[in-house]
Amino acid sequence: MVDVKKVQSWLTLFGEKVTENKEHLNQLDTAIGDGDHGSNLTRGAAAVKEKLDGQSYDELTDLFKDVGMVLVSKVGGASGPLYGSAFISMAKEAKNDADLSQLITAGLDGIVKRGNAKTGEKTMVDMWSPVIDSIKDGSLSDESIDEILQKTKDMKASKGRASYLGDRSIGHIDPGAQSSAYLFQALIEAGVINE
Amino acid sequence: MKKIINEPDHVVDEMLNGLAFAYDSLVTRIPETTVIARKVEKSNKVGLVSGGGSGHEPSHAGFVGKGMLSAAVAGQVFTSPTPDQVLEGIKAADEGAGVFLVIKNYTGDVMNFDMAKELAELEDIDVEFVIVDDDIAVEDSTFTAGRRGVAGTVFMHKILGAAADSGASLSEIKELADKVNEQLFSIGLALSPATNPEVGKPGFELEDQEIEFGIGIHGEPGYRRETLQPSKELAKEFVTQLKKEMNWSEGDRYAALVNGMGATPLMEQFVFMNDVKKLLVDDEKLDLAFRKVGDYMTAIDMAGVSLTLLKIEDDQWLDYLNAPVDVIGW
Ligand SMILES: Nc1ncnc2c1ncn2[C@@H]1O[C@H](COP(=O)(O)OP(=O)(O)OP(=O)(O)O)[C@@H](O)[C@H]1O
Ligand SMILES: [Mg+2]
């Protein structure tokens, strides 16, 4: 069983990381997108904080659903519906007593359903998919997350704004993969991973 | 950054209030939303909704009114609006005959509007849509998110708005929109970049005498950088690219839009139109049956122009373009 309290501190921590690194995310998105990924997610993080502060959840599914709905309605851009769909899909999965890897897999399914990206297209999917493998074999760490992140550098974008660049998208880290890296670093930090 | 603003993240809110106050005979802001809706009596016609990131003024709120959009939904600067806001726009536009969405082809817009469509259908509102993708600077392949929606979207608004006003059904509008989209082509260039107030610095850099062809309306990179040339040479590049795409023949009928990107004076836009006329009318012998010049789909304070051509396949399209409207920006 995944602990609701720990998940709540995970998601709070994710918001903090995104907010602290707003400029960095904007910079990554300026290189291959339109420079707003950090601003978009920071807006979402503030709204999530407002929703979660002082709130305590009994059911994981309610927590994920609230976070998903807040993100969908506050973030905008591509990442709003994508992260939102991920958490809403995790909310559904949480009803089935899912373990962590099943939950994150459901999150990935939500992202893929919304955005139709496959691995290798230089999107957040290239963070989520290998992270799930690492969670399954117990090897998820800050180092492995960073390794996964660096691999997006060599990829050529074929989804989202970065795809307009074609070959020129090569050599840059994908902003969405970076924000998802914060998500999974927060997962480790909050101790959700040791369940 | 030098801008007439207060807090950068209040720009959209304050802009919408200012717009709604200045034109309160035409439009109203739906309270607690980023929706600008027209003030006309509902008459069981199809509602027309568009929207997208802010920073493209007068798009899209400037085209709300009788004969064009029923409502426009504004996102943050250069960021697609969220599904709940688009849903509010759909509800404001609904007159009982369904609502049609004009979406520009950007990943964010497509996803958010699609979610809004699902939400509206849960509330028993029929929704159809077109995804405008007129920017020929982008290769249309499975290796990209597809062609972007740019200034041609404004012709889409005008034609569909007139059709809706004349009582066309949701499915008729859908069919018309798809046909128009197939004949709609645009290409742009930038002399200098835009500065998103929320970001505070230019989205890209260009040297003093450098320009970029094929730039997108959020500063997405184009296909070539060059030293600035006379207007007629710039026009020639546009016409060459458009001709490759459209394969026209002498006498074909077109609508043309010379669109300013936000920081290019009308004086220069008219000079550019004069060159477009020489190339398309005098040399290529096209019939430019409808013409517009001005700031229609801007990119904040980017300097540059775009040229949109719509092949007029049906006389009715011209009538729709010429039909009178009561909006801020046409
Ligand atoms: N189809 C997709 N599937 C999965 N992830 C995607 C897809 N398209 C884009 N992304 C992710 O979204 C990130 C960009 O998010 P961002 O919030 O900047 O959206 P955006 O494209 O700028 O939205 P907008 O068009 O409204 O400005 C990319 O770095 C990428 O990881
Ligand atoms: Mg972006």
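A salt bridge is counted here wherever a side-chain nitrogen of Lys or Arg lies within 4 Å of a carboxyl oxygen of Asp or Glu. By this rule, the structure holds 28 salt bridges over all chains. The structure is a predicted model, in which local features need pLDDT of at least 70 and side-chain atom pairs count only at pLDDT 80 or more, while totals for chains, interfaces and linings use all residues. Residues are numbered from 1 along each chain as its sequence is written, chains are lettered from A and ligands numbered from 1 in the order in which they are written, and side-chain values use heavy atoms, with hydrogens and water left out.

Arg161(A) forms a salt bridge with Asp34(A), and the closest N and O atoms of the pair are 2.8 Å apart. Because Arg161(A) lies in the loop between α8 (142-151) and α9 of chain A and Asp34(A) in the loop between α2 and α3 of chain A, the pair ties together parts that are 127 residues apart in sequence. Helices (H or I, at least four residues) and strands (E, at least two) are DSSP runs, numbered from the N terminus.

In total, 24 residues surround ligand 1, a residue being near if one of its heavy atoms lies within 4 Å. The closest are Asp34(A), Ser79(A), Arg161(A), Asp174(A) and Ser80(B). By class, this shell has 6 nonpolar, 12 polar and 6 charged residues. Here Ala, Val, Leu, Ile, Met, Phe, Trp, Tyr, Cys and Pro count as nonpolar, Asp, Glu, Lys and Arg as charged, and the others, Gly among them, as polar.

Several N or O atoms of chain A approach oxygen atoms of the ligand. The side chain of Ser79(A) places an N or O atom 2.4 Å from an oxygen atom of ligand 1, and for the side chain of Arg161(A) the distance is 2.6 Å. A backbone N or O atom of Ala78(A) lies 3.0 Å from an oxygen atom of ligand 1. Of the 630 Å² of accessible area that ligand 1 has on its own, the protein covers 96%, with areas taken from the Shrake-Rupley method and a 1.4 Å probe. The elements giving two or more residues to the shell are α3 (37-52), α5 (79-94) and α9 (175-189) of chain A, together with α3 (107-122) of chain B.

The two chains also meet each other. Their contact (heavy atoms within 4.5 Å) takes 27 residues from chain A and 31 residues from chain B. Chain A and chain B bury about 2,200 Å² between them, 54% of it on carbon and sulfur atoms; buried area is the accessible area that two parts lose on being put together, summed over both, with a 1.4 Å probe. In chain A, Arg114(A), Arg161(A) and Tyr164(A) lose the most area to chain B, together 29% of what that side buries.

Across this interface the rule finds 4 salt bridges. Asp114(B) forms a salt bridge with Arg114(A), with the closest N and O atoms 3.0 Å apart. The side of chain A that touches chain B divides into 8 nonpolar, 11 polar and 8 charged residues.

Finally, chain B shows some backbone features of interest. Most residues other than glycine have a negative phi, and most peptide bonds are trans. The peptide bond from Glu57(B) to Pro58(B), however, is cis, with omega near 5°, and Pro58(B) is found in the loop between β3 (47-54) and β4 (71-77) of chain B.

Conventions: A polar contact is a pair of N or O atoms within 3.5 Å; within protein, one must be able to donate a hydrogen and the other to accept it, and residues adjacent in sequence count only if both atoms are side-chain atoms.
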